[in-house]
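Me: I would like to go through this model with you, part by part. Could we begin once it is on the screen?

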Amino acid sequence: METEKMIRELKRVEEIHKHDKVFTGQLNVAQMAHDTRKRLEELKPYEDTGLTPEQIMELKERDTAKAPTKDTDSGVRYTDDYICPNCGKHFTGTGIAEFCYHCGQRLKWED
Ligand SMILES: [Zn+2]
């Protein structure tokens, strides 16, 4: 069943049971349908992204600024060499790139 349909059905169940007399220990069907529908409505936008939770976490990680490591083995140069904290590839320069141009990792530069 599609989420949209589930939301509509739960709304209907809630409506049907809204005048139920609920005694201690009984399942409050109207309340349960209401809470479940509300939760589904909250989760629907995540479903609509078409992404898996793993993919969303991956994007979140990539967008969280991480400090690159200075490559001390690069020898004497006019520019510094850095290593991406995500993909491990090298790039040159300080505070220029906001993102790693190899993998898109957001970078954090000190002052
Ligand atoms: Zn990278």
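Me: How many bridges join E1 to strand E2?
Reply: Two bridges join them, and E1 and E2 (residues 81-83) run antiparallel. Strands here are DSSP runs of E of at least two residues, helices are runs of H or I of at least four residues, and both are numbered from the N terminus. Two strands pair if DSSP finds at least two bridges between them.

Me: Before we go on, what kind of model is this?
Reply: This is a predicted model, in which local features need pLDDT of at least 70 and side-chain atom pairs count only at pLDDT 80 or more, while totals for chains, interfaces and linings use all residues. Residues are numbered from 1 along each chain as its sequence is written, and side-chain values use heavy atoms, with hydrogens and water left out.

Me: Back to the strands. What is the order in the sheet?
Reply: The sheet is open and has three strands in the order E1-E2-E3, with antiparallel pairing. Strand E1 (69-70) and E3 stand at the edges with a single partner strand each, so one side of each has no neighbour in the sheet.

Me: Which residue in E2 is the bridge partner of Thr-69?
Reply: The bridge partner of Thr-69 is Ile-83.

Me: Now the metal. Which residues are the protein donors of the zinc ion?
Reply: The donors are the SG atoms of Cys-84, Cys-87, Cys-100 and Cys-103, which lie 2.3 to 2.4 Å from the zinc ion. Donors are N, O and S atoms within 2.8 Å of the metal (3.2 Å for Na, K and Ca); water is not among the atoms, so sites may look incomplete. In sequence, the donor residues follow the spacing C-x2-C-x12-C-x2-C.

Me: What is the geometry of the site of the zinc ion?
Reply: The site is tetrahedral, with angles of 105 to 112° among the four donor atoms. Four donors count as tetrahedral if all angles lie between 85 and 135 degrees.

Me: Is Cys-84 buried or exposed?
Reply: Cys-84 is buried, at 3% relative accessibility, whereas Cys-87 is partly exposed at 31%. Buried means under 20% relative accessible area, exposed over 50%, and partly exposed in between (1.4 Å probe, protein chains only).

Me: Which residues make up the largest nonpolar core?
Reply: Six residues make up this core: Tyr-82, Cys-84, Phe-91, Cys-100, Leu-107 and Trp-109. A nonpolar core is a set of buried Ala, Val, Leu, Ile, Met, Phe, Trp, Tyr and Cys residues joined through side-chain atoms within 4.5 Å. Leaving out residues up to four places away in sequence, Phe-91 touches several others, among them Pro-68, Tyr-82, Leu-107 and Trp-109. Contact means heavy atoms within 4.5 Å.

Me: And Gln-105, where is its place?
Reply: Gln-105 is in the segment after E3. Gln-105 is buried, because its relative accessibility is 1%. Beyond four places in sequence, the residues it touches include Glu-61, Arg-62, Cys-84 and Cys-100.

Me: Changing topic, how is the protein divided into domains?
Reply: There is a domain 1 (3-50) and a domain 2 (52-111), with bounds from an automatic or database domain assignment. Their C-alpha centres lie 45 Å apart.

Me: With which residues is Arg-37 in contact, leaving aside neighbours within four places in sequence?
Reply: Arg-37, in helix H2 (residues 29-48), is in contact with Ile-7, Leu-10, Lys-11 and Glu-14. Arg-37 counts as buried, at 8% relative accessibility.

Me: Where is Leu-27?
Reply: Leu-27 is in the loop between helix H1 (3-16) and H2, and counts as exposed at 60% relative accessibility.

Technical notes:
Tetrahedral: all angles 85-135°; square planar, octahedral: opposite > 155°, others 65-115°.
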